[in-house]
Number of protein chains: 2
Amino acid sequence: MISEKMYELGSKRSVIRELFEFGKKRAAEIGAENVFDFSIGNPNVPAPEAVKKAIIEILEQENPVNVHGYTSAQGDAEVRKTLAESINKRFGTNFGADNLYMTLGAAASISACFLALANPGDEFITFAPYFPEYRCFVEAAGGKLIVVPAQIENFQIDFNEFEKRINEKTKAVIINTPNNPSGVVYTEETIVKLTDLLKEKEKQYGHAIYLISDEPYREVAYDVNVPYVTKYYNDTFVCYSYSKSLSLPGERIGYIVVPDEMEDSKRVYAAVCGAGRALGYVCAPSLFQKVVAKCAGQTSDISIYRKNRDLLYDGLIKLGYKCVKPEGAFYLFPQSLEPDAYAFCERAKKHNLLIVPGDDFGCPGHVRISYCVKTEQIVKSLPAFEKLAQEYK
Amino acid sequence: MISEKMYELGSKRSVIRELFEFGKKRAAEIGAENVFDFSIGNPNVPAPEAVKKAIIEILEQENPVNVHGYTSAQGDAEVRKTLAESINKRFGTNFGADNLYMTLGAAASISACFLALANPGDEFITFAPYFPEYRCFVEAAGGKLIVVPAQIENFQIDFNEFEKRINEKTKAVIINTPNNPSGVVYTEETIVKLTDLLKEKEKQYGHAIYLISDEPYREVAYDVNVPYVTKYYNDTFVCYSYSKSLSLPGERIGYIVVPDEMEDSKRVYAAVCGAGRALGYVCAPSLFQKVVAKCAGQTSDISIYRKNRDLLYDGLIKLGYKCVKPEGAFYLFPQSLEPDAYAFCERAKKHNLLIVPGDDFGCPGHVRISYCVKTEQIVKSLPAFEKLAQEYK
């Protein structure tokens with residue numbers, strides 16, 4: 001009687017969310033300090049003081065009717081102007097307010113793009129390992145998600161496998177760099193090769209192939225350049241969120257960039273607005289629109305993630321785990337110590353290690369470890385990882 | 001190439017939003033004080049001081065990682081418990097945390113219900129005058145909106161017309177009381193008659209017919225009882241938003257109640273969670289979840305709306321306008337002075353009166369006047385309404 005599809009989505013919750021809920025329950029049983037919960041990408045580094053300061057300033061100085069009132073559906077014009085200028089300054093782009101559409105974070109950003117673009121039969125290609133909710137969002141928009149298998153030696157793009165899958169039905173390609181779950185950043189070489197290929201395919205098929213750059217981790221990168229994709233390819237959407245850069249994942253705030261250079265740019269922007277409307281977004285949260293504008297260009301203390309990465313990566317390598325060294329985000333994606341990552345994660349649970357099987361990310365034989373946790377948790381967890389490894393010796 | 005449906009939704013924006021944007025432009029030209037913008041339901045009464053106090057208390061006392069972090073998808077458990085207790089206290093219900101699902105406001109609340117319920121071919125019935133976005137949300141969920149014509153003498157329900165439209169394909173009935181745009185509150189008699197009929201039809205068709213009570217204006221009511229619908233009918237969703245009661249429309253915060261007494265309650269709740277996931281909601285904004293819990297049961301200063309209602313209603317009646325006296329919300333819905341309400345509203349624009357044709361609310365020959373504006377604007381606008389009326393004499 002009700003929608004079985006929605007029942008299934010709601011009852012078979014994502015593995016990550018399941019583990020998150022399990023972790024909360026387990027913590028209540030044995031104490032949070034004894035649960036090594038590496039399951040969820042909930043930043044543990046607090047929002048910078050600038051966020052608190054901005055909120056209080058806005059509350060003290062501005063009229064509450066404006067602060068908490070509806071903004072235009074695409075977001076407050078002043079906010080969009082400020083953010084566009086900040087992007088231009090940092091990345092040498094040339095966006096204006098009308099190239100930005102404020103959203104309820106990354107999930108809303110990509111959902112609105114998918115719905116704006118998808119016609120029945122359209123295919124959306126992504127590269128393993130990939131964020132599992134992509135499937136849910138693409139299918140909700142009426143599209144079909146096509147996954148290119150991972151190039152496991154370095155988690156860049158396997159172009160042979162990609163070329164086998166791109167075809168006339170390809171509406172868009174989704175990339176996520178720095179990547180969840182691998183932590184890998186696509187090199188400029190990868191971006192150039194990808195966008196050159198897309199340009200060639202656009203000509204061959206005679207229609208636009210959009211590139212959706214899902215980049216909530218842009219600022220969480222260690223000594224490495226994260227290419228700004230609109231500079232390489234006109235038909236690029238940038239989907240951004242402040243969840244990680246300002247540690248505001250619960251506040252649901254981000255944006256989409258639709259560059260003027262995109263084919264049919266104005267029509268596409270209107271379709272994004274239409275998608276946001278159909279999805280019931282109305283407008284992005286108004287106070288936090290103003291907050292992120294006041295904090296434009298700032299980030300949380302990323303150095304803590306780097307410290308965690310070094311500690312956990314070095315620790316696991318020493319214990320014999322195999323892992324591509326990540327240069328961004330806050331995930332490690334090592335190989336599981338048995339081919340079945342689910343079985344491996346179940347075994348890890350017995351040591352109170354909550355880690356996520358790679359299968360749902362389209363990459364079996366691997367596990368995701370979110371290291372956006374207290375450094376102390378990493379230190380305390382290493383003996384548990386050691387015991388886990390010993391089970392396989 | 002892109003989705004034409006989304007392009008259309010995004011380019012043919014709702015009449016209300018169009019007028020809102022026009023009003024902002026016009027204000028820049030001739031000064032805000034000379035534009036009598038009655039187009040949008042953006043509360044002009046500020047959020048109560050308690051909201052500001054709650055925000056600052058939370059920021060001062062709680063860990064920012066928790067304040068701004070992800071909550072469970074259905075909302076923070078403590079928040080849901082507090083809100084359930086507040087509802088129970090005020091309305092004599094018996095809900096617990098697990099009956100509530102926190103949302104991004106009213107649009108998200110009803111969108112999630114529609115998507116949770118709809119299977120292809122399902123019909124959703126509502127009563128004119130109705131909020132025009134219902135059509136957009138029902139169709140986005142794959143359902144079909146069926147409209148029962150208005151009973152224009154009092155804007156209660158025309159049960160003859162309703163009985164002609166309810167049938168085996170009816171999945172749900174949507175009511176909105178206090179009503180946008182008529183301001184009318186359904187009497188207990190109307191609710192009893194409606195729910196008795198629904199019970200009879202459930203038996204006749206052998207399946208649940210859900211009642212979706214969209215009630216963002218519950219607290220904006222003047223000396224009149226707004227029946228709490230779950231007490232009359234088990235298969236009721238309550239869709240609530242704090243946009244009006246706490247003057248937080250831009251913050252996107254509300255909830256859905258799924259009572260235990262509903263048929264298949266647990267499965268329906270799971271489907272609501274699934275719908276929220278598919279729509280990209282992730283979780284309701286975390287800070288404002290905590291804020292509304294701290295402000296449970298409080299409201300903005302509703303007396304200002306009553307004063308505005310009296311002033312505008314009495315003024316218009318004196319000028320010869322015909323209007324059902326509204327007992328809630330902050331809208332007046334008088335008859336237009338010519339049969340074509342669009343033409344009437346265009347004529348009104350020339351007097352800098354921005355009012356909305358009733359056609360989009362399924363009720364031609366009427367116009368919506370949102371009186372959630374400064375009382376001064378109402379006083380200043382009456383001569384313009386007089387001039388407008390004189391054009392028809």
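How many residues does the contact take from chain A and from chain B?

## Where the chains meet

The contact takes 83 residues from chain A and 83 from chain B, where contact means heavy atoms within 4.5 Å. This is a predicted model, in which local features need pLDDT of at least 70 and side-chain atom pairs count only at pLDDT 80 or more, while totals for chains, interfaces and linings use all residues. Residues are numbered from 1 along each chain as its sequence is written, chains are lettered from A and ligands numbered from 1 in the order in which they are written, and side-chain values use heavy atoms, with hydrogens and water left out.

Together, chain A and chain B bury about 6400 Å², with 59% of it on carbon and sulfur atoms. Buried area is the accessible area (1.4 Å probe) that two parts lose on being put together, summed over both. Met1(A), Tyr70(A) and Arg277(A) supply 14% of the area that chain A buries against chain B, more than any other three residues.

## Links across the interface

Let's look at the charged pairs. The rule finds 6 salt bridges across the interface of chain A and chain B; each is a side-chain nitrogen of Lys or Arg within 4 Å of a carboxyl oxygen of Asp or Glu. Arg267(B) forms a salt bridge with Glu4(A), and their closest N and O atoms are 2.4 Å apart.

The residues of chain A's side that touches chain B divide into 48 nonpolar, 20 polar and 15 charged. Here Ala, Val, Leu, Ile, Met, Phe, Trp, Tyr, Cys and Pro count as nonpolar, Asp, Glu, Lys and Arg as charged, and the others, Gly among them, as polar.
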